[in-house]
Amino acid sequence: MSKLNISAELNEPQLRAVNTIEGPVLIIAGAGSGKTRVITYRIARMLEKGIPQSAILALTFTNKAAKEMETRVKELTGRKLQSLTVSTFHAFGLKTIRDEAELLGYRKNFSVYDETDRMTLIKESLRECHMASHKVDLYALGQLFSKIKTGLAAWNEGAAGKNATTVASADLKPVYEEYQQGLKVYNAVDFDDLLTIPLELFEKHPDILEKYQQRYHYIMVDEFQDTSLIQYKLLRFLAGAGKAADSANLCNVCVVGDDDQSIYSWRGANYENLLMFEKDFPGVIEIKLEQNYRSTSTILEAANGVIAHNTNRKEKTLWSGSEGGKPVELFYPENESAEADFIASQIRHIMIMESRKYHDFGVLTRTNSLARNIEEAFLAEDIPYKVSGGTSFFQRKEIKDIISYLRVIANPDDDVSLLRVINTPRRGIGKTTVASLSDLARKNHSSIWDALARLNNARSGGQQGLFQDKNALTELEEFAQLIDTYRTEILERKAVSGQRWTLSQKVRALTDSVDYWGYLVAEHGKEEKIARWKFGNIEYFIRMIENWERDPDNLDAGLYPWLNRISLITRDDGEDDAEGKVNLMTIHASKGLEFPVVFIAGAEQGLIPHERSISESEEDAGSLEEERRLFYVAITRAREKLYITSCQKRRRLQNTAECTPSPFLEEIPQHLIKYHEIEKTVDDPALAENFFAQIRAQFH
């Protein structure tokens, strides 16, 4: 590896952060201060000093950040980095569970349930507990189960846990226990389990913990202000906090964060972990990165003016080498329609005047619901855009169900897909039957499909005593027959009723065979519109197959090529498809991103700050400070130009309400603000030619 010329690439505090490798280190990295560069150079510096790749663990919060970090280290070092661990907390937890699966009672091919799978199991658990008829907010119940699991809530039958902030009705405890049992039966874990199971593993098995401590002697955590209490506990275990300073298991741990950007308390993040870190790791070295490489000094002064009003923060002042800059423009449109029209027309205007690309613009809102009018304005103006945070088409439950059927047809030994559809639509194969099948598979070291085949063969041979539930046995036979029939028809491409059908036609026939429409109607009761919308998604999915089959360049229109294609689409969906599109997103989703031009929409009292955080009580003072941090994050996404809109009136439900500008706007130093006025059209031939040149360029 060539010697790193870090002194030429980094400023003085960054250089100190990169070279301080031993012992506990706390890096306070302000917005746009180059923290990713510092972390990657730090890893490269360790490798240069001869520290083994396998001894380094870098934890981040998004797969994108982990991938970017690993790529940058590879570029710096010229190494393949096969033994370096750079991952999210959840991916690290998943790997730990896989490595210790048998000890934990899981088969190695366990599933990780996403939100859709989780909601399905919660519904099933309510039915099992005879509570399906009760009016239950499934989302709220899911949130409660998550809080119970992570220790942020406790059942009210006894004393609440030390860290519990919510006390839950004990009436729901049987549903939670049924849900937990269901996960075990289906050989599945949920997102919270990826953290809670490794933590429990380390607490109960010191020998396993020691194995991990012996491996990872250098740990780094990015976005430390976003860590939850559980993530912090995992870090403490791995880093050997509380051990003697000369202990062989004591780790060199470095955390990088910014308390001013802590905006995730609603999902368990605790910015006070910064304070606990200083207490738990005595002798910590603190390094502040305050030079911002992203924004103009005008934007930074505006951000500093706002965040200075928070009391619970580490003192710091961002500064920029990019002096001056355009003023922050405030606009007070009449209503949300005028606001959306302004944003769309301003984007058009700036593109012409400054030769910008669509992806140079970020439009930020406090909540998803505010995006609808802006989307309509973009559609009217033919402005391409991307909404971040929506559900991928291929992650919708109804689409995942049909894909799972196809995957089982292609490969019956795919336990994950088989368990998803064995009782979807419901066919009387309950958890007890599935648990027995799983036990049989585990006993024979086989797939569940193999266990099912053994069971059906035994029954055809006169052995009735394997399972007590004869109805379930009949359903299992019919399920196996359904899969076998479609395997023959689809894989061998045989004619159906004397007619040679295409893959899309067979998928439509499969959907009809399992009566998926009837299942949707039963699931959604009186909400037939929802059932129709979901079935419409399946129709769209089938049309996608039809279009693919008709492609003259497609030389093999079989099931395997289609599933391979789906795997690629699913993997890449949402990745790098924002090129040439305006980025429309919530402020939360914008964290870590930056754009030359940013619009913050809806800067009104009740939205920014959100009405939930506005209270006279001392308990809610922290919520108001978090809202201010959120506004600070929004401001610091802008590199060169910032627009903020605040409506005079806004429609809420069926009424139109008068709006008050956000109090945070008054915290921006007034000399930085320009009040926007709609510009008059200028009759300029050169400008017109520039506009048409850009239009022509879009079609070449």
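Predicted model: local features only at pLDDT ≥ 70, side-chain atom pairs only at ≥ 80, totals over all residues.

User: How many aromatic pairs does the structure hold?
Analyst: There are 23 aromatic pairs in it.

User: Okay, take F92 and Y216. Why is that pair edge-to-face?
Analyst: Their planes sit at 65 degrees, and over 60 counts as edge-to-face, so the pair gets that label. The ring centres are 6.0 Å apart.

User: Where do F92 and Y216 lie?
Analyst: F92 is in helix α5 (residues 89–99), while Y216 is in the loop between α11 (206–215) and β8 (218–221), so the pair ties together parts that are 124 residues apart in sequence.

User: And are those two buried or exposed?
Analyst: Both F92 and Y216 are buried.

User: What about F599 and Y643, how is that pair arranged?
Analyst: That pair is stacked, with 10 degrees between the planes and 4.7 Å from centre to centre. F599 belongs to strand β17 (residues 595–600) and Y643 to strand β18 (residues 638–645), so this pair links parts that are 44 residues apart in sequence.

User: Why does F599 count as buried?
Analyst: Its relative accessibility is 1%, and buried means under 20%, so F599 qualifies. Y643 is buried too, with a relative accessible area of 5%.

User: Switching to charges: which ring does the charged end of R98 sit over?
Analyst: The ring of F110, at 4.5 Å from its centre.

User: And K184?
Analyst: The charged end of K184 sits over the ring of Y106, 3.9 Å from the ring's centre.

Terms used:
Residues numbered from 1 in each chain as written. Heavy atoms only, no water. Phe/Tyr/Trp six-rings, centres within 6.5 Å; stacked < 30°, edge-to-face > 60°. Helix = DSSP H or I, 4+ residues; strand = E, 2+ residues; numbered from the N terminus. Buried < 20%, exposed > 50% of the residue type's maximum accessible area, 1.4 Å probe, protein only. Lys NZ or Arg CZ within 6 Å of the ring centre and 35° of its normal.
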